[in-house]
Amino acid sequence: MSEPTAPAPAAAAPLLTLSGVHTHIGQYHILQGVDLQVPRGGLAVLLGRNGAGKTTLLRTIMGLWQASAGSVKFDGREIGKLATPDIAQAGIAYVPESMAVFSELTVRENMLLAARNGPLDEARVEWIFGFFPALKKFWHYPAGNLSGGQKQMVAIARAIAEPRKLLLVDEPTKGLAPAIIQSLIAAFRELKETDTTILLVEQNFSFVKSLGDTVAVMDDGRIVHAGAMRDLVDNQDLQQRLLGLSLDSHQ
Amino acid sequence: MSISVVNRLFSGDLPRSRALGAALVLIFLGLALAPFLTAGARPLNTAATICIYIVLVASYDLLLGYSGIVSFAHTMFFGIGAYGIGLGLSSAGPTWSGALVGLVLALLLTIVLALIVGLFALRVRAIFYAMITLAVASSFAVLASQLSDFTGGEDGKTFSVPELLSPGFRLIENDIAGRAIDGKLVTYYIVFFGCLALFLFLLRLVNSPFGRVLQAIRENEFRAEALGYRTVLYRIWANVLAALVAALAGALMALWLRYVGPKTMLGFEVMTDILLIVVIGGMGTMYGAVIGATLFILAQNYLKTLMADSASALTGIPFLAEALHPDRWMLWLGVLFVLSIYFFPTGIVGKLRGNRAQH
Amino acid sequence: MTSLVPPPMPQARTPVSALGPDTALPAAKRDIAPLLLVPVLMLAMLPFVGSFPTWVTLTVAGLAMGMMIFIMSSGLTLVFGLMDVLNFGHGAFVAVGAYAATMVLLPMHGWLEADSLLMNLAVLALAMLVAMFVTGLLGWAFERIIIMPVYGQHLKQILITMGGMIVAEQLIIVVWGADQVPLPLPTSLRGAIVLGDAAIEKYRLVAVVVGLLVFAAMFLVLNRTKIGLLIRAGVENREMVEALGYRIRRLFVAVFAAGSALAGLGGVMWGFYKETLTASMGSEIMVMIFIVIIIGGLGSVGGCFIGALLMALVTNYVGFLEPKVALVSNILLMIGVLMWRPAGLFSNARR
């Protein structure tokens with residue numbers, strides 16, 4: 001990654017590169033020069049406490065908020081100035097913190113929206129039912145009647161109903177029961193087997209420590225650490241410094 | 001007069017522009033000396049209407065420009081004040097006590113209605129509030145015209161005023177500068193000084209801490225709430241105060257016209273006039289009401305003759321003649337209104353002050 | 001994983017709880033209370049009205065009026081739900097639609113006066129289509145020119161659309177004159193059908209049928225087509241629809257034009273209902289339209305439908321039973337509904 005001390009992996013060009021990205025919301029300067037690289041394939045984790053700017057970063061990538069400076073390159077293309085629908089069409093799927101499931105629509109209709117051209121891929125839907133069995137059961141129920149965990153499944157399923165190059169996921173485990181979190185871990189493990197790159201924003205370190213390949217830590221609108229997940233997991237002092245807690249106490 | 005006295009009088013809200021200041025002085029002098037600068041009833045009527053509309057629009061600016069509240073119920077309060085005086089004088093006879101009782105009852109009704117509408121509707125979103133006030137005001141207007149035994153119905157009611165104010169009464173036997181010093185003159189100066197006082201009161205209000213909180217709420221309600229201000233309370237207060245001033249303006253109007261009627265006081269036309277004036281004059285400036293009302297009333301009374309002449313000159317050409325017909329002056333006003341929202345969001349006053357549009 | 005498993009139930013089927021937590025069936029709460037309001041009201045009024053024939057007449061009148069108001073308001077509520085734009089000038093489309101229809105109706109008045117149901121309905125249908133076309137076109141222009149520059153600024157939208165309506169009204173007078181235009185009903189649609197003691201006006205039946213057709217068409221489009229899906233999702237969360245890759249702003253103009261066309265259709269029907277056209281008919285009806293969409297919930301077509309029927313029925317019943325109260329019955333209805341559901345009967349627009 002971009003840390004000078006970490007050994008540079010001999011990998012292909014990163015899928016997503018942010019350089020010097022600043023974002024202002026009103027008069028608030030949230031992102032203060034973000035430099036981030038997300039390698040192709042695998043799961044990259046973005047950690048940081050509340051207010052660090054993680055959600056803002058995802059929204060900026062998605063074009064929901066305009067970056068006031070800097071560049072966002074995706075798959076070789078500059079997408080910083082594009083409108084959200086175009087960014088989505090370039091191959092990025094977004095699972096927001098609020099899940100943004102359409103309550104009045106059924107689970108099926110939520111998924112249908114993900115199929116931009118033509119019908120849903122039956123085989124792919126069956127594959128999704130494999131790690132989210134609840135969705136099959138509630139296929140024709142209005143999504144608004146589902147529980148929090150089930151809604152999260154709908155949101156993720158909707159994002160992966162068609163293959164996408166990059167998946168942006170914002171705090172999927174927030175407020176969920178441990179059993180559901182286990183299902184999500186299983187789902188992400190399956191996803192990692194596919195071609196999809198995942199950028200996962202989280203505060204729950206224990207959730208991501210086994211899933212993530214690379215990790216970046218954000219604080220006050222900047223990336224303060226980036227490297228392999230393995231290195232962070234093995235280094236208690238580093239964890240203490242960056243996250244304020246050690247691995248054990250966070251469980 | 002030293003600068004500090006002037007400052008205190010205007011509550012620190014000076015015109016801040018030579019052109020604007022000059023215009024205001026001109027208008028002030030014009031209105032103050034109107035009876036002696038002009039002859040006949042029509043110019044005096046225009047002047048009195050200008051005074052009253054200045055206050056009516058300024059009180060609406062308190063809501064729209066300073067608090068960011070869109071309400072269509074403003075004419076309702078104007079009408080209540082007018083009908084208070086009107087019904088008081090017509091039922092109790094032309095006595096001061098009759099007028100006073102009517103006025104007090106009208107003001108009480110104003111407070112109650114403003115509170116109800118405020119409490120009920122200010123808890124909902126601005127769009128809802130606008131629609132609800134529209135519905136309430138139109139129902140009120142319908143009520144007023146239907147309860148004809150009480151209110152005089154569609155045609156309204158004429159009534160007599162106390163002797164001091166009646167045209168027959170002479171204060172001084174001789175004319176001054178060609179104008180008879182009669183009850184009409186007395187009424188005019190009651191209207192003039194009443195409106196002046198109300199306007200200065202509004203100026204003081206918007207420049208007080210209360211007014212500044214209102215503006216903060218208008219800019220960013222969330223933030224104001226976070227800073228500890230109970231925004232709903234402030235909005236309700238703004239609503240009540242604006243309504244009271246509007247009611248007092250209505251009372252003065254009734255006193256001047258010696259007539260109350262739904263068209264002149266409760267009609268939707270009055271509401272559109274207010275909106276047009278406040279936007280074209282300049283929202284959130286108070287002085288916008290002064291400039292706007294003056295221009296509007298003058299145009300309404302004198303521009304129409306100009307239009308009529310042009311229309312007759314163009315009688316050959318089909319649409320053009322119709323479009324310039326004096327009754328179509330609303331068309332041009334409407335166009336001016338739409339254009340000024342786009343190109344002059346700060347209104348005439350903003351342009352004079354050289355403000356760059358913040359919107 | 002599960003710490004608390006209740007003892008298995010005696011039945012043969014697998015107890016729901018044993019499937020693990022969070023697989024419990026979601027509450028199948030179908031919000032049916034608002035759907036019952038109209039039938040309950042109609043039935044409840046029967047004893048008050050007393051005579052069954054009168055009740056039938058009043059009810060049909062209410063339903064007819066309600067359908068027309070629904071047609072006029074449905075576009076407005078959908079536009080607000082989807083685009084977050086409140087068009088205070090919506091009434092202009094109602095008036096323009098009605099006046100535009102006269103461009104067909106006056107030259108073809110022979111067809112109107114002929115005592116042939118087929119000819120009457122044909123010219124009526126033509127007039128409606130022309131009205132919808134003209135107002136649809138006007139709506140498209142209105143959206144692009146007047147509304148697009150003020151997206152997201154509610155204050156300016158209210159002011160500017162009001163200004164637009166004032167200008168439109170004045171332009172109608174410039175083009176068609178300030179006098180009222182009489183619009184007599186087509187010959188075969190005048191008068192009433194008599195069923196027993198009850199008289200049901202023929203035109204009102206037509207209005208009810210048209211209203212139901214429009215509602216059915218809207219329902220089908222919204223619920224069975226991809227565009228309808230996008231609209232329903234967009235009403236809830238526009239941002240997310242964009243994040244799914246749809247350029248939903250392109251839909252805006254289409255929805256706005258469709259809403260304006262519907263207003264125009266409503267205008268034609270209202271013109272025949274009142275048998276007269278005035279330039280201010282649009283602004284006169286705005287209050288009723290607003291009350292209806294407030295009652296129904298901004299953004300909800302179903303709510304608008306129920307709200308319109310409710311309001312029209314209440315107006316007719318109260319007008320018969322207690323005429324003095326009829327003046328404020330709309331306001332009282334609105335207040336009543338808002339006290340029960342502060343955001344309207346159905347509110348799914350998440351704002």
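This is a predicted model: local features need pLDDT of at least 70, side-chain atom pairs count only at pLDDT 80 or more; totals for chains, interfaces and linings use all residues.

Colleague: What distance should helix 5 of chain B span, and how far apart are its end C-alpha atoms?

Modeller: Helix 5 of chain B covers residues 74–92, so at 1.5 Å a residue its 19 residues should span 27 Å. The end C-alpha atoms are 27 Å apart, which agrees.

Colleague: New topic: how do helix 2 and helix 15 of chain B cross?

Modeller: Their axes come within 11 Å and cross at roughly 60 degrees. That makes the two helices oblique to each other, and helix 2 of chain B passes helix 15 of chain B in a left-handed crossing.

Colleague: Which residues make the contact?

Modeller: Helix 2 of chain B brings B:Leu20, B:Ala23, B:Leu24 and B:Ile27, while helix 15 of chain B brings B:Tyr287, B:Val290, B:Ile291 and B:Thr294. By class, that contact has seven nonpolar residues, one polar and no charged.

Colleague: OK, now between chains. How many residues of chain C are in contact with chain A?

Modeller: 22 residues of chain C, and they meet 29 residues of chain A. Helix 8 (226–236) and helix 9 (238–243) of chain C each supply at least two residues of that side of chain C.

Colleague: What classes of residue are on that side of chain C?

Modeller: Ten nonpolar, five polar and seven charged.

Conventions
Residues are numbered from 1 along each chain as its sequence is written. Chains are lettered from A and ligands numbered from 1 in the order in which they are written. Helices (H or I, at least four residues) and strands (E, at least two) are DSSP runs, numbered from the N terminus. The expected span of a helix is 1.5 Å times one less than its number of residues. Axes are lines fitted to C-alpha atoms, for helices over the stretch in contact, and angles run from 0 to 180 degrees between N-to-C directions. Angles under 35 degrees count as roughly parallel, over 145 as roughly antiparallel, 65 to 115 as roughly perpendicular and the rest as oblique. A crossing is left-handed if the near helix is turned anticlockwise from the far one by less than a right angle, and right-handed if clockwise. Two residues are in contact if their C-beta atoms, placed from the backbone, lie within 7 Å. Ala, Val, Leu, Ile, Met, Phe, Trp, Tyr, Cys and Pro count as nonpolar, Asp, Glu, Lys and Arg as charged, and the others, Gly among them, as polar.
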